[in-house]
Structures are given as C-alpha cells and as structure tokens.
Amino acid sequence: MSTVRKSSRNKEQVKKETAAQKTQPAAFDEESDVVYSWEKSSEITNSHEIKKFKSLINTDSKSLRLYRTIVLTNLDTSAHLKVSVGDGVHIASEDGDNDFYIARVEAMYASGPKSSDMSAIVSWYFKASEIPKSKLPKQLLPNEVFLCTAKAEMDVDAETIINKCHISNTPMQQNDEKTEKIYFCGKSFDGKRFKNIKEAQSGSPAPPPEKKETRREILKKSDYVVKTTMTSPVSASSVGMFDVSSAAMDILHNDDDSDAASFSDEENELEKPQLPTMMKSDEVKDVAPLKVDKRSLNVLSKKTLVVTMRKMNLATPPPDKENQPPDMVRRSSRLSDKKLVLPVKIQQTAKLSDYDSDDLSDDLNDIDAVSESSDDVTSEDDNGDDVTDEESDERLAKRPKRGKNMTSKARQLRQRNDVTSFVTKTRKKRSPHIQPRKTPLKAASSRFEKARENLHVSAVPDALPCRENEFQTIYSFIEGKISSGTGGCMYISGVPGTGKTATMTEVLSSLQRAVDDDGLEAFDYVEINGMRLTEPHQAYVSILKQLTGTKATADHAAQLLTKHFNQRGKKTTLLVVDELDLLWTKKQDVMYHIFDWPSHRHARLIVVAIANTMDLPERLMMNRVSSRLGLTRLSFLPYTFKQLQEIITTRLRGLEAFDADAVQLVARKVAAVSGDARRCLDVCRRAIEIAEKDKRSTKASASIEHVHTSLQEMFASPMVKLIRHSSTHEKIFLRSVVAEFRRSGLEEATVGLVLQHHVALAKLEGLPPPNVTSLIKVCNQLAASRVVLLETGRHDIYARIRLNVSVDDVLFALSDYAS
Amino acid sequence: MTGTLLVQAQDIVKRRLCGNSLPVQLFSNLQSAETDIYNLLKRTVEYAESNSLLIIGPKSCGKSTLIKKVVSRVKKNENAAKNLLVVNLNGYMQTDDRIALDEITRQLQLENTIGDKVFGSFAETLSFLLQALRTGSNESQPILFLLEEFDLFAQHKNQTLLYNLFDIAQAGLTPLAVIGVTCRIDVMELLEKRVKSRFSHRQIFICNTWTFKEYVGAFKDCLQIKVEEKKKKAKWKIFLAKWNKNIDMLSEDLTVLEILEKQFLISQGLSGLQKLLMYPVWLLSNQHPLITPADIEESAKSLFADSKANILHGVSVLELCLIISMNHLMIIHDNQPFNFHMVYNEFLKFSQKKSHILHNYSKAVVLKAFEHLIELELLKTRDHSGIGISKIQKEYQPMVLLVENSQLLEAIGKYPGCPTDVKQWAQSSIV
C-alpha cells in the first residue's frame, strides 16, 4: 500500500539520478502515433474463462473482451509489435520524456467497442535507477530489476507500450545477441525495503517458488485491487490466461502450481509490515459490496472505490492485528499525516457513494482524529525518541526526510494525479494536447522569410539586449536569496511589452544553468499568471498543484500552502506571479498570503511579482499588504528609440532585409507612442510582408516606404476612410449632427433635432427626404460602427447622440462630398 | 414543367438572399484584403507562424463572407486541409469565457482525451485548455480561431480568453491564427493594455465602395442565374434565358431604379438589397412566374414604411386627437414637456369649440386613452434617469411626444375615415 507520498522535489531528485544512470532503449514515439490492432484469433472466447474473469472484475459488460495477443502498429514506421500475455514490456512514462518503465503484461482487455479502450494489466518492475541509491542493495547485477510489490496501479493503456523486453528470473547470461532487452529479477521492492527472494529459497537456482512468493505478496496486497480496478495480475493468472505466452510461460505456470502450497507459509511474514493495507479477499467482499460500473473508468465508481478502500484500510481490523498493535496506529497516523487532504476528499466522495454513510462518517472521524495527532507522532519520530518499533520502523525513523525514498513509479504517478493516492488512477489519463501536424513544416528559405521568422515576437533571441541591468538586479536578488536560504519579495513593474516576463524567463534559465554547473542550490520554481486564472483564489490551487502535484479546493489549498511554507527543511521556492493586479480581491487575502509566506521563518520562499503599474502597491494594496511586499522594486522603463533600434538590429543581424533608415523610423515612431517592443516587431514584420509583395521594389529589403505603409495600417484610424465610403444619407446625417452642434454650441444633441436638420439638408441636396424610421436606421448604422455614440435605452428620438470622431475629421472626410 | 424549373430557380435565389451563398463576384472589391488574409493563413499553416488579425468594417459589407471564402480557399489546398483546425466562435453565442472555452474544447475535439469526464469548474476547463494549447510546439496542428462579433469578446471579464489566445499566438507554442471580425471602428480601444500589447495590430479595414451602377449590377447578380449553375437541359436553358432577360428589364425599369437608389442612399450594404428582394422572390408562383416592378414596389413600400405612422393607423379618433394636442403643445412650448392636464385642456378647447363630432369624453376616459398611448410608446416620461418620476401623480408627470410632425401628418393623411375638422386641426394649431 502506498502510504508515503513524495513531494515533487524528491521526484526531481530521483529523476536526476535516473538521468545519470539510465540506459535507454530506442527513442519512443509519441503515444498518439501508435495504433493497435489485434488478431481476432487471439481473443479469449472460452466462455468459462471469460466468466471467471468477469466475475473477478465485477462486471458483466458484454463489450468487455479479453485478448491473449495484440499487435501494436506504429503509424509512422508501420512497425509491428506483437505483445502477448506474460511478455515483459517497456512502458512509456507519463511525462513523455524518454524515461520508461518496465512491466510484465498479465492480461489484456478491451472494455469498449473502440480500439482506444484497449488496456493492459501489468505488474511493475523497478529499474535500479528508479530506486534511491541509499536504498539500493550493495550488490547490483547488471540489468537487475525489482518486482514492485507495493500496491500500484496496474491498468495501463495499451498504447503506452513501447516495446518488448525479457524479464528473466535467473541472473544474466551472455546472450547479448538477442534483440530484446533482458532484465533479471531476483528481488522485490515495496517502496521501503527489499525482499530477497533467494534467501527464503536457500539459493535454489530455479526461482519458481520465490517468484510465486512475490506474487503471493501482490495477491494479498492487491486483493482489493482485484475488486476495484479489475487489474490484479493474480486475477489474470488465476483464470489461466497466460497459457499462450511464450517467454514467461514456464514461470507463470510454476506460480500457479505452487500458489496454494506456499500461501500459508508466507502469509504471516509478509503481512506484518504492510499490515493496515492487507486483508483477504473474502473480507473485502463482506465489507464492501462494491458496485463497479460497467465502464470501469467511470469517475463515480472510482470515487466510490476510494471510499471503500479507505474504509477498509483504516476501519477494518486486520486479520492478525495482535502481531503488532502499536505499530499499526503509528503507521496509519504517519500515513494520514502525509495525506491531510484525504478526509475532506472522502467527505466529498461519500455523497457520491451508495455506501452506508454512517459507518463511513465514523471512519472519517477516526481518520480525522488520527490526522490531528499525526504531527506530534511524526516529530517524535524525527527526534528519534521512539525506537521501540520493529526494524522496518527504525529505518523509517532514520530517514532524514520523509517520503524521500519513495520511488515507485506508481506512486509518482499518483502524486501527480491526486491527493488520495489510494485511488488507483489509470495511466489512461493523458494530458490534453493538440494533434501533431500531418505534413512537415516548411522551413523559411528566402531572406524575407527568415527575417519575418526572427521578427516574430515568439522568436527567442540569444540574449535580451538593453535589459542587462534589470537582468543583473533580478538575478543577484534571487541568487542571493537562494544561497543564503532566506526568502523575500520583489516587485517588477513596467508597461506592456517592455520585457518583464522575458527578462524573468532569462533569469530563470540562467539560474537553472547555475544550478547545473556552479552548484547553486536547487530550487523549486512555481509560476502563476493572473490572467490564466479564472478568479484570484485559484492562485492557491495553481501553486499547490505545481508545488506538490496535488489538487485541492482553493480554501484548502491556501491552508496546505501555509502549512507547507511553515515546514522546515525544504528547498527554496521561487514563485513568479505575473499580472499581479488581477489577484486583487476586496479583502486582498490572496495578495496578503502570497507576500506573507516569505516572512515565515522556514518558508525559504522568493516571490517575484510582475505587474503593469508602478504605483500598484500604493494605489491598490492595503497597508498590511504593501508593507509585506517590501521595497525591493524594479521598474522597466519603456524602451527608448535607441534600444528599440538595437533590438531590431540584433534580431536582423546578418539578414540585410531592412534598411537602417527604416529601422530608425520604426523605432522612433514606436518609442514615441508606447515603447512597446512587441509593437515594434509587429510593425517591422508587416513592413517586410509589404516589401515582399511590392513588385516595383528592386531592392531586396524593406525600405522607409514600406515601413510607412505598415505604420499607417497599424496606427491610423480607419475612421476617415469609413466616413468617406458611407452612404449618402449617412454622410448627410453626420453633417446634420455637426450642424446641430454648431447651432446649440454643445457637443451633444438629441436624435430628433438632428433629424430635422437632416430633412432640411436632404432637401437642399435635392434628395427626397427619407422618413423617420429610415433615418433612425441610418443613425443606427453609424452607431454600430461607433462613428457616432448613441445613448442606449428606449429613448427613441430623444436619445442623445455624440460624435466619436472630431468635428474637423468629419468635415475633412466630407469635404470632397460637399464641394 | 415551368413549375419545377421555377421552384429550382426560386430555390437558388432564396439561398442567396438568406446570405448563405452569395455569388462570388459580388465581393470583387475585396480582392486585396482577401489576398492578405489568405497569405496570412497560409503562413500559419505552412510555416507555423502565429498571427492575430482584426477585420473591421461596417455592417453587411461582406466581412464574414470574405473570411469564409478565404478559409474554404485555404482548405482547398490538400496539405492545409489536413492540418488546419478551425474554431468558430461568435460573440453573441459565446457570451462569456466559460461557454467559449467549452465550445473551443468541443470544436477541437479534445473531449476525447478525457473520455466521459465532465469538467467541474470553469477554472478546470481553463487550465485544461491552456495546458492543451501551451504544450504544443510549432509541430502541432495549426488552429484558426475565428471570433465573430469580436467586440463582444472584449467585454468578457478580464478579457481572459483574448489575453490567452493572443499570448499563445505570441509565445511560439501551438501555432494560432486569431482572426477577429467586428463592425466597431473603435475596437482597439476596448482592449485592455496588456491584451492590446499582445495583439499584433494587424487590421484589415474593408468597406463598401460601390457606385450606384455597381449596386444595380449587384442587384442583377443577386437575381440572375448562370446556366452552368444547374443541369444543362434545354428547357432549363430556355427558362433561364427568359428569367435573366426579365431581370435585365427590371434593372432598367425606372420604378425599380428609383427604389434601388432610395435604398442605396440609405445603406450601401447588401443586406438592404436582400431584404428588398426577399418579398418579390417569395411571391413567385406558376401564375406569377416572373418578378414585376410592382412586386418590388410593394416590397419597398413595406420596407420604407414609417413604423410610427403605421401604429397611428390603429389608434382611435380620441387618441389621435390627443396626439394632435400634444403635437401642438410641443410646437407652442418649443419641445418642452407637458403633462396630462395640459393635453386635456388642449383637447377640451378643440372638442368644445370646434368639433361637432366628438362626444364630450369624461376625464377618466381621456386619461385611459392617454395611458394607452404611453403603452404604445408614442410618448414617454421626460426624464432620462426616471428618478422621482414615479412619485409624481400620473396626471402631472412631464411627458414628451415621440411622434414627429411629419409622421403625424402622414398618419392623418392615411387614417381611414378621419373627421375633416380633426384633419384641419392637425394642420393648424389655431383653435
């Protein structure tokens, strides 16, 4: 059972270790590239088997089909991969990086009519690189892997299978000529310690009984897994599903044969450490008459299961409780300490379950009580006061940081997915993404195309020119705080497009480089953007998710974060808050919390807040908030024309697609308006487009003319053009408005008065004056384009009207008409 | 036989008039804009270059038709058709970001990723979609976001959707082409400064540049059917020849030209033309197989009818007299508001001294008629804000008349059986 959750930083550490050691198989294809088909013949049609299987997973869904063999086809390479039950496989890690997991296929089934529903049930193996060095056994055989006996999610998407490997029970022979990767598995690892299967078996060369022993472990631990996710490897094996498998066939057969014999021997020994989680399947049945929806991935049913499992774990007395009563309590307390969120979660899910809620609430109270006391218990542990525990617990107590040794891939997954790590999340949960394009990208070939590419705002320049000082300030601030292990706040302001976020990104990558090369202490990085949140309180959720990978409601997340930042002994966290002003609430509690955390004693939190306005702290924030923000401020001034010029020239270096004069014109123009670098680049890009289209131009570069056209397009208001091209009555109407303004001396008129002028002017032009309804239509046309502003509401001819353009502009636009 | 042919022809023209498939040649004036947009989209599709663009133009000048045309042209290219994802949003339908995000998820078919999971909250949908769009690179499929009634999106809270779309378009993640379509000239001022900064400031401005001659051409294009549009049977050809000839004749008919000019002077947009032609086309039948100038005249009559004059046709003589009294009061007091008692006095003066037809209505009856006129919104309380008005007794509430003098005279001219003395009284305020 997964009792310990690891924070994301631990995960990162493990990853680093992994990076150092791992040997990689062929590069993985994207999941979506893999399509799979399966041979009809391999479907398990034996009704007896199916019945057994279905009874095991509590479903009688007609659509559920079992397979012995499936063929995965990679669409790109059209390579086939035949996977049979019992084969060892590599499974793509959820991160999508080149990491992979090792597992053995125990069963394959399709629960729906579509191929996308194809799933495999696997048992996991750890690579040595996935286990912290501290925990590794001293003697490590080449390619040794360890059977995962911790309870882990066993249901994976068939798509995630990359290729096959061979998992052998005997140490490696010299059979390198084989194409399949061969692993050796002699030990099991449950997240805490290794079980050396050899010891129990007194060095017998053929390991079937040992193998079976480890399986037995899983069986017991996963009894409820069988019930819940229908994925236990044993459930598969007990239906005899692997008789077709080639490589692992003999092993599995042995397993089957010796199952019953060894069961009783091992039960006691094995159940001890994992006591709270273990029980026999019949008990499970008694306690939890589970209802599994026919779609096993249904959220509701999953939640129901969580509750049930949780309940069983904590409420039901374990079968051999007398073995270790004190430890049991401690364990569960440790466990709940690590999942403080859990009770809440359960309460939520309780509503969904059709489960007896009275029993449940009792249990929940238990959990609550336990979790309340958990802190104390843990601190006892930390102080080393309590050494009466059995061996395994001593080890736990010695651990410097809790949860650090948890490397189970299943746990990694779960930590990422949910607080209730009991939930057997499936790997099916893929992150959303846009499909990759179907035809290859065209590369920029001509000079203009390259220039356009470089001038796009998204193009990442090698260095950010003109922001060296700001870069230095931010960098030294953060670096100083990190190395001194303290925290602090910094406020960065500046109008849009002055490179605030870009500089911050640059600082960040420099810091990462420093961490990698110069031994700067590693830090966690969390980024939130006010604009990407639906409301300010979502900031907590977002921070918590990035920090620990857990999800919680906003209020709860706030509590958890406060708690998190009060804990001692963690890495420095760098929190970048972009678009700070959007986190403003009436009570300003979000801002308050964000700036309050760094002042906590053990927080080690650096907050960099970015916003547009310089005086935000004074204008918007309450005193207690702005006081916490402190006075470390940095202002990004709008770019001057020289700086803009430099930015463009750096981007266009070596392309000669732009005249120097033209660059200067753009820079001066933009600097005069806003100093917005984005605008500057957009103008240039457009100028290049115009130059490209311009066939008259003999020179192959954008000249002043092109820039001028581009500026005209972007800055000039189309108002005059619109008025010029409006219909005759629209023009007359505008003239009437001007006439009425002149008459009254005000800049506002009512529609009725304008209409009278209109009729008079139309007669003067010799046009039949339209009736009032048509004239109001004309008025509405102008108001829709916002040439005139019309009062909304049912005021009819008494609606007030105003020009949205200066009178001079109107007269200018109408001048040729009047003449 | 002519019957089925007529139905076919009618069907073709009806489709055009309802705005679904206007003949392409109508928008020849938008050629350069079309090329610009086409090139922009092509770059997004081929080079994964993200772009944002606004198409601005007055109502019914062909903005949406233009963009539809460009998209279909881009999709003709086989490569592009395979790659490009199009998301259509309309400010009137996606009235807030939440609905818009759900719609985007649906149109991008991202629901499949999450199976039957239903999103709990707006926040989840947003982070889900952002994750989807932000994890992309230039190797992802380019997406075209088409935001019609763009100005309405700018009214969403914080402009979250626009910020994120423009931000992604600027960040070199999933290639996006964000194209906004709006009729508001001042749309840039609606954008918040950081949203504005992220927008590329590409604006394509289009407007109607028709002369009257071209407008008449458009009229013909709307109605005439080219032979190759349907099967090339001899009978069909003969029918079309006859049909088209009739349209040619219509376009030279003076009555029709006059109506067209009237419409043209008010609005150059095609929607006015479409409305004008709707009635005559629907009227066609076997007995009446060709459009006549009279049909168009009839249609124009209803199109240009004055709404208030129409309402006045339906009021009683008493109510009409009240309107006349109010009109006189407005003239005498130079548009100053009046109340019921003033109107009643004015009415009494007339009915007692001049009129021999009208009975002596009691005050309560007159007040009832007055209230009916308020309900018809022919007059309303003076104050814009309406504060304090409701406290005043209704007889003394200051009111203003919403009927113009010209409308009143027009209505009285057409009023069936209007007493002569009422007519005279309407024309002169002297009692």
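Predicted model: local features only at pLDDT ≥ 70, side-chain atom pairs only at ≥ 80, totals over all residues.
In β20(A), Thr750(A) has Arg800(A) as its bridge partner.

The strands around it come next. β18(A) and β20, residues 800–803 of chain A, run antiparallel and are joined by 2 bridges. They belong to an open sheet of 3 strands, in the order β18-β20-β19, with antiparallel pairing. β18 (749–750) and β19 (788–790) of chain A are the edge strands, since each pairs on one side only. Across β18, β19 and β20 of chain A lies helix α28, residues 728–744, at about 100° to β20(A).

Now to another part of chain A. Strand β16, residues 605–611, has 7 of its 7 residues buried. Leu605(A), Val607(A), Ala609(A) and Ala611(A) point one way, while Ile606(A), Val608(A) and Ile610(A) point the other way. β16(A) pairs in the parallel sense with β13, residues 488–494 of chain A, over 6 bridges. In that pairing, Ile492(A) stands opposite Ile610(A). β16(A) also pairs in the parallel sense with β15, residues 572–578 of chain A, over 5 bridges. From β15(A) the chain passes through helix α20, residues 589–596, to β16(A), a right-handed β-α-β crossover.

Last, chain B. Which residues of helix α15 (293–303) are buried? They are Asp295(B), Ile296(B), Ser299(B) and Ala300(B). Those residues cover an arc of only 135° around the axis, so they sit on the same side of α15(B). On the other side, Lys301(B) and Ser302(B) are exposed. The cover over the buried residues includes α11, α12, α13 and α14 of chain B.

Note on methods
Residues numbered from 1 in each chain as written. Chains lettered and ligands numbered in written order. Heavy atoms only, no water. Pairing = 2+ DSSP bridges. Helix = DSSP H or I, 4+ residues; strand = E, 2+ residues; numbered from the N terminus. Contact = heavy atoms within 4.5 Å. Axes fitted to C-alpha atoms, helices over the stretch in contact; angles between N-to-C directions. Buried < 20%, exposed > 50% of the residue type's maximum accessible area, 1.4 Å probe, protein only. Arc of directions from axis to C-beta. Right-handed = clockwise from strand over helix to strand, strands pointing away.
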